[in-house]
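Visitor: Hey, can you walk me through this one? I'm new to looking at structures.

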Amino acid sequence: MSDHRWILDVSPSTLLVLTNGYQSWSEAELRALTDTQTRASLEWMTEQGQDPGFPPSGEAGVWRSHSLVALICPDGGGWVGAQLGAAHTFAHWEVRAVGEQVSVTCTLEGPDVEVVWEKTDDVIATVERLSARLGQAMHARTPAPLRVWCSWYSYFRSVTLANMLDNARLAREHDLPFDVFQLDDGFQADLGDWFEASEHFGGHARDLPAELKKLGFRAGLWLAPFLVGPKSKLFAQHPEWLLKNDVGEPLLFGDNWGGAYAALDTTHPEVLTWLRELAATCREWGYDYLKVDFLYAAAHPGVRHDPSVGRAGAYRLGIEALRGGLGNDGFLLGCGAPLSGSIGVVDAMRTGPDVAPYWDDSARRVLLGDGSVPCTRSALHTALSRWYQHAWYQPDPDVMIARRELSLLSSDERGALLGLLDVIGGLRASSDPVAMLDERGLTLLRESLMISTPDRPTTLTRSHGGAVTHFARGTFNLLDTPQAGIRPHSYLPKPG
Ligand code: 9PG
């Protein structure tokens, strides 16, 4: 633990704050410093969407951020703080309005690393420069973005082998420019029991890659490699591999798949061997693209086999084992993952919550304070506010939804998703059943698969919805009312 503190003689009411949430799904925002940072009202939401070790403050004028933070004055100048190493250390930033001053602290969880705090005339440029420094120091992997079809957002857990093959065949018939077909959650018997198929899948995950290869696609597979279902065989066979609570029982947390789940203790040497073999087995089956999800579980607070390893260090051991098993030439996409702690190991990273075929889920987002709830608005809000992270990995702002069937998105809302993919400039993905797309849908899908270079914000002093919304190529309006001539829930590209 190490502390840094600065006091600024500036009135809090004049400042905006740019925050970065802990893991892929945690909210990143651009807000007035005097506003209140929302804390989720249910514990499992904090465990699954925020950092239970450093959750949002829930207090007016107190903003918490991970790895870096920025304060923005009305002229676009301000201050930026950042950690310059993150492989074994989490940096917890807190900005606090205190009367007519602002107090800033950075607390390191893990070994000491360099922390910088800079005053600047141009916050945008300084955020980009410092995030690039962190990326370079950690040997960021930024391969060419891939175009991926993913089963999750249409088939969810009921996905079958036949669904995968039907879509791959149709994509080939329509000559859709996908590089990878990625099977998501649903093929496995349980969390942890990855080698056994679920009853409904209609085959085994190992049967898929050869068929995809014949069609000209690479094969991708989803895993939540650090999770263990409480009813799984792995849970029963290796209780000693699990993260524990204070009384030595397996710690159960989060809430998905109908309840809480346990996590592997990645400071246990046998766990690391098992993780390496898991990734290597998937590679042997023919998968050279792995989407590794719910990764924050390896950094969950708890009692570990080796107590000298901190949360960030334990996480790093876990993902390095996965990388070791997959091989250096495999493509690793992190999801639900502590962000800067993944630099140099992952190729790509989900940088926002899940999209969904509707704009908002205000019951969970607003009433329960869960900014990581899946919906299109959440995905835009957070992924846009992390535009600078292309220096850390290939950003994945999540899938385009081009279909009009089984979707409540309006044409403006689809346009906003398309705008997101264009300005972020990372990975491209779709989950639409190809058979559901008419000519218009196929055209929109093709447009969404066009790789672009990352765009830059033009200002951080204005926002249409508490996020970074003003970019050189166009402006987003995430609000429910028109703003400066831009329709609600839309993206307005600049002419030319
Ligand atoms: C598979 C899915 C997909 C998806 C991932 C992740 O907070 N939540 O309730 C929550 C649930 C699911 C979720 C993210 C957050 O989705 O992002 O792409 O792979 O798992 O189960």
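This is a predicted model: local features need pLDDT of at least 70, side-chain atom pairs count only at pLDDT 80 or more; totals for chains, interfaces and linings use all residues.

Visitor: Okay, what volume does the second largest pocket have?

Guide: About 390 Å³. There are 21 residues lining that pocket, and G415, L418, G419, Y491 and P493 are the closest to its centre.

Visitor: Which element gives the largest share of that lining?

Guide: That's α11, with 7 residues. At least two lining residues each come from α11, α12 and β24 (490-493).

Visitor: You mentioned α11 and α12. At what angle do they pack?

Guide: Helix α11 covers residues 411-424 and helix α12 covers residues 439-448; they pack at about 25°, with axes 10 Å apart. Angles under 35 degrees count as roughly parallel, so α11 is roughly parallel to α12.

Visitor: And which residues meet there?

Guide: From α11 you have R414, L418 and L421, and they meet R440, L444, E447 and S448 of α12. By class, that contact has 3 nonpolar, 1 polar and 3 charged residues.

Visitor: New topic: what about the largest pocket, what's its volume?

Guide: The largest pocket comes to about 500 Å³. Its lining has 29 residues, with W152, N256, F294, D354 and P374 the closest to the centre. The largest share, 4 residues, is from α1. As for classes, the lining holds 15 nonpolar, 4 polar and 10 charged residues.

Visitor: How many cavities are there?

Guide: A search of the whole structure turns up 4 cavities of 30 Å³ or more.

Visitor: How many charged residues line the second largest cavity?

Guide: None: the lining there has 5 nonpolar, 7 polar and no charged residues. Its volume is about 70 Å³, and the residues lining it include G21, Y22, H66 and F90.

Visitor: Last one, I clicked on T475. Is T475 buried or exposed?

Guide: T475 counts as buried because its relative accessibility is 11%, and buried means under 20%. T475 sits in strand β23 (residues 474-477).

Visitor: What does T475 touch?

Guide: Leaving out residues up to four places away in sequence, T475 touches H464, T469, H470, I486, S490, Y491 and L492.

How values were computed: Residues are numbered from 1 along each chain as its sequence is written. Side-chain values use heavy atoms; hydrogens and water are left out. On a 1 Å grid over the protein atoms alone, a cavity is a set of points where a 1.4 Å probe fits but cannot get out, and a pocket is an open set with protein on both sides within 12 Å along at least five of seven lines; lining residues have an atom within 4 Å of a point. Grid points are joined across faces, edges and corners, and a volume is the space filled by probe spheres set on the points. Ala, Val, Leu, Ile, Met, Phe, Trp, Tyr, Cys and Pro count as nonpolar, Asp, Glu, Lys and Arg as charged, and the others, Gly among them, as polar. Axes are lines fitted to C-alpha atoms, for helices over the stretch in contact, and angles run from 0 to 180 degrees between N-to-C directions. Angles under 35 degrees count as roughly parallel, over 145 as roughly antiparallel, 65 to 115 as roughly perpendicular and the rest as oblique. Contact means heavy atoms within 4.5 Å. Buried means under 20% relative accessible area, exposed over 50%, partly exposed in between (1.4 Å probe, protein chains only).
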